[in-house]
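Visitor: I would like to go through this model with you, one question at a time. Could you begin with how surface area is to be understood here?

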Amino acid sequence: MQSEAKYGRENLKELGYKGQQDLQQQQSRMNTIEKTVVPWLEKEIKTYESNINALDTLFNTIQQTTRSQEQAQQRHQLRRMRSTNINRSKNQGPDLSR
């Protein structure tokens with residue numbers, strides 16, 4: 001256990017800690033960051049998730065609207081073609097060539 005403690009102290013010195021007071025100051029800074037930055041980041045993440053969901057809904061709505069417009073345009077073209085074919089057959093009259 002003493003060798004592990006010595007190893008730990010050496011590692012802390014390599015990280016720039018001069019003693020117990022430095023370690024406590026760093027822990028205090030970390031606690032402050034945890035209390036302020038973490039909630040802020042969580043809020044930011046929720047905001048981004050909300051924006052992504054809104055954009056996804058908008059994109060899906062645009063896709064559905066585009067599909068609906070394409071289907072309406074196809075129905076309109078079919079009606080026009082049917083109308084044209086009906087008018088052609090009416091204008092031709094009966095086949096008297098036989």
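Guide: Accessible areas come from the Shrake-Rupley method with a 1.4 Å probe. The model is a predicted one, and every value that follows is computed from it.

Visitor: What share of the accessible surface of the chain belongs to carbon and sulfur atoms?

Guide: The accessible surface of the chain comes to about 9600 Å². Of that area, the part that belongs to carbon and sulfur atoms is 53%.

Visitor: How many helices and how many strands does the chain have, and why is the chain described as spread out or compact?

Guide: The chain has 2 helices and 0 strands. Its radius of gyration is 38 Å, whereas the globule rule gives 13 Å for 98 residues, so the chain is more spread out than a compact globule. Taken along the principal axes, the box that the C-alpha atoms fill is roughly 115 × 25 × 20 Å.

Visitor: What percentage of the residues in the chain is buried?

Guide: Buried means under 20% relative accessible area. Among the 98 residues of the chain, the buried ones make up 2%.

Visitor: How far apart in space are M30 and I52, C-alpha to C-alpha?

Guide: In sequence, M30 and I52 are 22 residues apart. From C-alpha to C-alpha, the separation in space is 31 Å.

Visitor: What separates the C-alpha atoms of Q26 and E49?

Guide: Q26 lies in helix α2, and with a relative accessible area of 22% it is partly exposed. Along the chain, Q26 and E49 are 23 residues apart, and their C-alpha atoms are separated by 32 Å.

Visitor: Where is N53 found, and what is the separation between its C-alpha atom and that of Q21?

Guide: N53 is found in helix α2, where its relative accessible area of 49% makes it partly exposed. N53 and Q21 are 32 residues apart along the chain, and the separation of their C-alpha atoms is 47 Å.

Visitor: Is Q2 buried or exposed, and what separates the C-alpha atoms of Q2 and Q27?

Guide: Q2 lies in helix α1, residues 2-14. Because exposed means over 50% relative accessible area, Q2, at 71%, counts as exposed. Q2 and Q27 are 25 residues apart along the chain, with their C-alpha atoms separated by 23 Å.

Visitor: How far apart are the mean positions of the positive and negative charges of the chain?

Guide: The chain has 16 positive and 11 negative charges. When the mean position of the positive charges is set against that of the negative charges, the two are apart by 16 Å.

Methods. Residues numbered from 1 in each chain as written. Predicted model: local features only at pLDDT ≥ 70, side-chain atom pairs only at ≥ 80, totals over all residues. Heavy atoms only, no water. Helix = DSSP H or I, 4+ residues; strand = E, 2+ residues; numbered from the N terminus. Rg over C-alpha atoms; globule rule 2.2 N^0.38 Å. Buried < 20%, exposed > 50% of the residue type's maximum accessible area, 1.4 Å probe, protein only. Lys, Arg positive; Asp, Glu negative; His and termini not counted. Charge placed at Lys NZ, Arg CZ, Asp CG, Glu CD.
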